[in-house]
Amino acid sequence: MHTRIVTINEEKIDAGIIKEAGDIIKSGGLVAFPTETVYGLGGNALDPEASRKIYAAKGRPSDNPLIVHIYRMEDLYEVAADVGSKALKLAEMFWPGPLTMIFNRKDIVPKETTGGLDTVAVRMPDNRIAAEFIKASGGFIAAPSANLSGRPSPTSAKHVTEDMNGRIEMIIDGGSSVIGLESTIVDMTGAVPMILRPGYISGEMVREALGDVDYDPAVFGKQTEGMRPKAPGMKYRHYAPKGELTIVKGRRDAVVGYMKEGLAKGLAQGKRVGIIATDETIGNYGNATLLMNMGAREDEESIARHLYSVLRECDDKEIDIIYSEDFETPRMGQAIMNRLIKAAGHNIIEV
Ligand code: TXA
Ligand code: MG
């Protein structure tokens, strides 16, 4: 299949291209599109065949449900049942934005889209290209992140092209993702809202809004054998670079010392060694094969934005061993570390 790659400027949206993208969706095809979190791989959420195509293009197990993206509030009621006052409050505060809510599913949403579940995940993205595209497509876009299953989520059209070229009809290049981490997922079907996946909107922000919040244990990576995370996607090994990634945690000078030692040892063994550091520490690792700077330590938005492109770069440059500092930041720290710890397969060293 030939994949058309088009560019749209969010400030000056080309209506002709949006119409073409919408027509592809209406005729059952797939279009990758930008959102404020990561790029999505979109198909018609109400068409079981389109959802099957999404799973095939990603190489994703079909029990892993897709998020339904909408562009206006009234459409929530078309796909979701039992929308309560707490959900409305969160929607008012955070939509459009990086928040996904889980509701009971209405029959109009095929089980292929929800991975066989009786619930449906809904999000209204905060990106004008995404909104116009969803509108032109009929209003309901099923979209997982536009990466091949197991690879880091794409935060640029270049990442999407690496994974999806030849597999889908169109890729809309709308520039780099502003946030760079997937949306926060909150399950609204129980008495107390439950965070299933942390993101830009922290659990604390949800608690402040609603007074009470639970966390699925999978958020902390603590699930034991036999326990199923409530967001099926959280059980898969994700975001993993091909090289062996170790997170080094502790006092800054001890961390730098440990990483420098590991770097020297790896290079001496003829390995290609990558270092993930910050403005404050980057100067210590001059001879690394690949030196990756996440930005200033106090700028958590910069760290979030860089994470996935850094993990992809490790693969591009065929890095064998990767050392990363840890990032305990105030709001998004949980979301950032949740992804980084998964990428490292829980390989953390305290020094
Ligand atoms: O920011 C985002 O959410 C991006 C952009 C494209 O919107 N999308 C995204 O989709 O990250 P995906 O498919 O990569 O991750 C969706 C997660 C998966 O872990 C999936 O298991 C969970 O949401 N999920 C979807 N529907 C669910 C449901 N009904 N119940 C529980 N978890 C659900
Ligand atoms: Mg994903």
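Modeller: Let us begin with a definition: two strands pair if DSSP finds at least two bridges between them. Please keep in mind that this is a predicted model. In general, strands of a sheet pair through backbone hydrogen bonds, either parallel or antiparallel. Here, β13 and β16 pair in the parallel sense over 5 bridges. One example is Leu245, whose bridge partner in β16 is Ile322.

Colleague: What is the order of the strands in the open sheet?

Modeller: The open sheet has 5 strands in the order β15-β14-β16-β13-β17, and the pairing is parallel. On average, neighbouring strands of this sheet are turned by 20° against each other, direction ignored.

Colleague: Which are the edge strands?

Modeller: An edge strand pairs on one side only, and here these are β15 (290–293) and β17 (348–350).

Colleague: How many bridges join β14 and β16?

Modeller: β14 and β16 pair over 4 bridges, in the parallel sense. Among the residues involved, Ile275 has Tyr323 in β16 as its bridge partner.

Colleague: Is β16 mostly covered or mostly uncovered?

Modeller: For this step one needs the cut-off: a residue is buried when its relative accessible area is under 20%. By that criterion, 5 of the 5 residues of β16 are buried, and the strand is mostly covered. On one face lie Ile321, Tyr323 and Glu325, and on the other Ile322 and Ser324; both faces are covered.

Colleague: How should I read the packing of one helix against another?

Modeller: Two packed helices are described by the angle between their axes and the distance between the axes. Take helix α4 (residues 85–94) and helix α7 (residues 203–210): their axes come within 10 Å and cross at roughly 120°. The two helices are therefore oblique to each other.

Colleague: Which residues of α4 and α7 meet?

Modeller: From α4 these are Lys86, Lys89, Leu90, Met93 and Phe94, and from α7 they are Met205, Val206, Ala209 and Leu210. Sorted by class, this contact has 7 nonpolar, no polar and 2 charged residues.

Colleague: At what angle do α6 and α9 pack?

Modeller: Helix α6 (residues 157–164) and helix α9 (residues 300–316) pack at an angle of about 50°, and their axes are 12 Å apart. These helices are therefore oblique to each other, and α6 passes α9 in a left-handed crossing. On the α6 side, the contact is made by Lys158, His159, Glu162 and Asp163, and on the α9 side by Ser309, Arg312 and Asp316. By class, this contact has no nonpolar, 2 polar and 5 charged residues.

Colleague: Where is Ser156 found?

Modeller: Ser156 is in the loop between β8 (141–143) and α6. Its relative accessible area is 15%, so Ser156 is buried. Leaving aside its neighbours within four places in sequence, Ser156 is in contact with Tyr39, Gly175 and Ser176.

Conventions
Residues are numbered from 1 along each chain as its sequence is written. Chains are lettered from A and ligands numbered from 1 in the order in which they are written. This is a predicted model: local features need pLDDT of at least 70, side-chain atom pairs count only at pLDDT 80 or more; totals for chains, interfaces and linings use all residues. Side-chain values use heavy atoms; hydrogens and water are left out. Axes are lines fitted to C-alpha atoms, for helices over the stretch in contact, and angles run from 0 to 180 degrees between N-to-C directions. Angles under 35 degrees count as roughly parallel, over 145 as roughly antiparallel, 65 to 115 as roughly perpendicular and the rest as oblique. A crossing is left-handed if the near helix is turned anticlockwise from the far one by less than a right angle, and right-handed if clockwise. Contact means heavy atoms within 4.5 Å. Ala, Val, Leu, Ile, Met, Phe, Trp, Tyr, Cys and Pro count as nonpolar, Asp, Glu, Lys and Arg as charged, and the others, Gly among them, as polar. Buried means under 20% relative accessible area, exposed over 50%, partly exposed in between (1.4 Å probe, protein chains only).
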